[in-house]
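The report that follows is meant for someone meeting this structure for the first time. Please look over the sequence and the model before reading on.

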Amino acid sequence: MDNALLDKFWALKVIMDELREKCPWDKKQTPASVQTYLVEEAHEAAAAVRAGDPEEAADELGDVLFMVLFLIHLYEEESRFGLEDV
């Protein structure tokens, strides 16, 4: 993984930390409450792939990636597991 990509992942982690600290919606989320969004985003990504729309697929896959990383973040906060374990 090149440094630019690592920097982007780090920036995303910083954003997640800030949202968990400052955003009321993000503060109350748990793995159980977020899992429905993961499924929804996965369905939207699959629909974009089936439609043959690469721009929409990229956008929806970004949403899926964000939800996966957010779930990992929530589990890290609970000291259950981290990105390295996934």
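What share of the contacts in the protein with a separation of 6 or more comes from residues 24 or more positions apart? Such residues account for 51% of those contacts, where a contact means heavy atoms within 4.5 Å.

This is a predicted model, in which local features need pLDDT of at least 70 and side-chain atom pairs count only at pLDDT 80 or more, while totals for chains, interfaces and linings use all residues. Residues are numbered from 1 along each chain as its sequence is written, and side-chain values use heavy atoms, with hydrogens and water left out.

The protein has four helices and zero strands, these being DSSP runs numbered from the N terminus (helices H or I, at least four residues; strands E, at least two).

| Property of the protein | Value |
|---|---|
| Span of the C-alpha trace along its principal axes | about 40 × 35 × 25 Å |
| Accessible surface | about 6,100 Å² |
| Distance between the mean positions of the 8 positive and 20 negative charges | 7 Å |

Accessible areas come from the Shrake-Rupley method with a 1.4 Å probe, and for residues only the protein chains shown count as cover. Carbon and sulfur atoms hold 59% of the accessible surface, and buried residues (under 20% relative accessible area) make up 23% of the 86 residues.

For the charges, Lys and Arg count as positive and Asp and Glu as negative, without His and the chain ends, and each is placed at NZ of Lys, CZ of Arg, CG of Asp or CD of Glu.

E40 lies in helix α3 and counts as partly exposed because its relative accessibility is 40%, between the limits of 20% and 50%.

Note on methods: Buried means under 20% relative accessible area, exposed over 50%, partly exposed in between (1.4 Å probe, protein chains only).
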